[in-house]
Amino acid sequence: MPPASTGASAAELPGALPQSSPATDTRLLTGDRTLRRANLALFAAGVATFVLLYSTQGLLPVLSTDLGLTPGQASWTASVATLGLALALLPASALSDRYGRTAVMTGSVLAATLLAVALPFAPDLTTLVVLRGLQGAALAGLPATAMAYLAEEVHPSALGSAMGLYVAGNSIGGMGGRLVSGWAAAAWGWRWGLAVSAVLALLAVLVFRLLIPAARQFRRTPVDARALARTVAGHLRDPLLLRLYLLGLLFMAVFGAVYNTVGYRLVAAPFSLPESVAASIFVVYLVGTVSSATAGRLTARLGRRGTLYVAIGTTTAGLLLSLADSLAAVLLGLVLITAGFFAGHATASAAVGRTATTGRAQATALYLIAYYLGNSLGGTLGADAYHATGWPGAAAVALLAMTLAAGVTLYATRRAMTASTVRV
């Protein structure tokens, strides 16, 4: 998945330097050879991270067939990785302040890749799930650190394109990891699917290490656990931030529930698609690139809550359409679900950066924690519901999440209207 937008300026991220005068500013500018290296390095790191994070999601039906697992049991191999990542995000961001951005990013992707090499040799489900949880925790160092690195090293005039390329690497890695592992697993079994993902990630890690420039702007800062705790507690007491965190969790719960189970539906009757074709469904993920960009324009016209209503309505329409026993309807439903999810996620994550006036990096980290917890929760509940009642069960879990999201947004709308009336 693409990470939430930080919404923070360079000066607001951990370890960032004060704004420099033009004469002394040594940050990277557009056209600098070093900036091109940094962009390509972070692109490769994003590919490696999300190839590994979602490597098992595209092969869940194959895992179920080969190991005799229910969808709920197999889905733990996907859900536990995002759970591990969520739990390790704040500690990883603190480590990067203490030991440096490039050191933490390198250690993160290297440790996760080494664990990926071990995954194909897992003797049973328990070992596979434990290794995936450790892998998710190891991966946390990249999303927790990469944007801070860019904000420190890159001049604001070039930061937008640098961030965009990094997010593109995340998106390509997320889609590519699902597709490649799914295709390989359909042809040769789940162990080969994981092995191919490990090789791709290893190649991306090598590109990252060969290209990443040394951090020139980073200044080591001591980890103040009490200050961090106060900042986090302050964010958790902010009602608007809490609503945004909940929205991120609920939108991602839909995504987890749908994409952890749609492969099972497509290989089963009445569609009975080959597993390699079912794995190709993740191409729909590209819809999110357009949807995320459109969300910004919609917000400018409709406001944040208006855009959220559109996102919720689009996702809900897609879920209802997916209930039909028509392949065309299911595919169109997935397009709408994906478009609605990305629009909602982009809107909520951008609002976090605008809402938090201090500690924006921690505010964003909390959003990402809720976001990835939503993936784990929705993926597991959706798979269990699918096992019990089929696709209508998984869709019901997702529809419940969108009903709650609509309730949260409606509550915010009423509060805003009440506040406006009081001011008048």
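Which residues form one aromatic cluster? Select Phe-255, Tyr-259, Phe-282, Tyr-285, Phe-341, Phe-342, Tyr-367, Tyr-371 and Tyr-372. Together they make up that cluster.

Before moving on, note that this is a predicted model: local features need pLDDT of at least 70, side-chain atom pairs count only at pLDDT 80 or more, and totals for chains, interfaces and linings use all residues. Residues are numbered from 1 along each chain as its sequence is written, and side-chain values use heavy atoms, with hydrogens and water left out.

**Ring pairs**

A pair of aromatic rings is described by the distance of the centres and the angle of the planes. Here rings of Phe, Tyr and Trp (its six-membered ring) pair if their centres lie within 6.5 Å; planes under 30 degrees apart count as stacked, over 60 as edge-to-face and the rest as tilted. The count comes to 12 aromatic pairs.

Select Phe-50 and Tyr-54. Their ring centres are 6.2 Å apart and their planes stand at 25 degrees, so the pair is stacked. Phe-50 is buried at 0% relative accessibility (buried means under 20% relative accessible area, exposed over 50%, partly exposed in between, with a 1.4 Å probe and protein chains only). Tyr-54 is buried too, at 2%.

Next, take Tyr-264 and Tyr-386. The centres are 5.9 Å apart and the planes at 35 degrees, so this pair is tilted. Tyr-264 lies in helix 11 and Tyr-386 in helix 15 (residues 360-389), so the pair ties together parts that are 122 residues apart in sequence. Helices here are DSSP runs (H or I, at least four residues), numbered from the N terminus. Both tyrosines are buried.

**A charge over a ring**

The charged end of Arg-178 sits over the ring of Tyr-54, 4.0 Å from its centre. The rule asks for NZ of Lys or CZ of Arg within 6 Å of the ring centre and within 35 degrees of the ring normal. For another case, select Arg-98: it lies over the face of Tyr-99, at 5.2 Å from the ring centre.

**A buried serine**

Now pick Ser-197, in helix 8 (residues 190-211). Ser-197 is buried, with a relative accessible area of 2%. Leaving aside neighbours within four places in sequence, Ser-197 is in contact (heavy atoms within 4.5 Å) with Val-51, Leu-52, Ser-55, Gly-177 and Ser-181.

Notes: Helix = DSSP H or I, 4+ residues; strand = E, 2+ residues; numbered from the N terminus.
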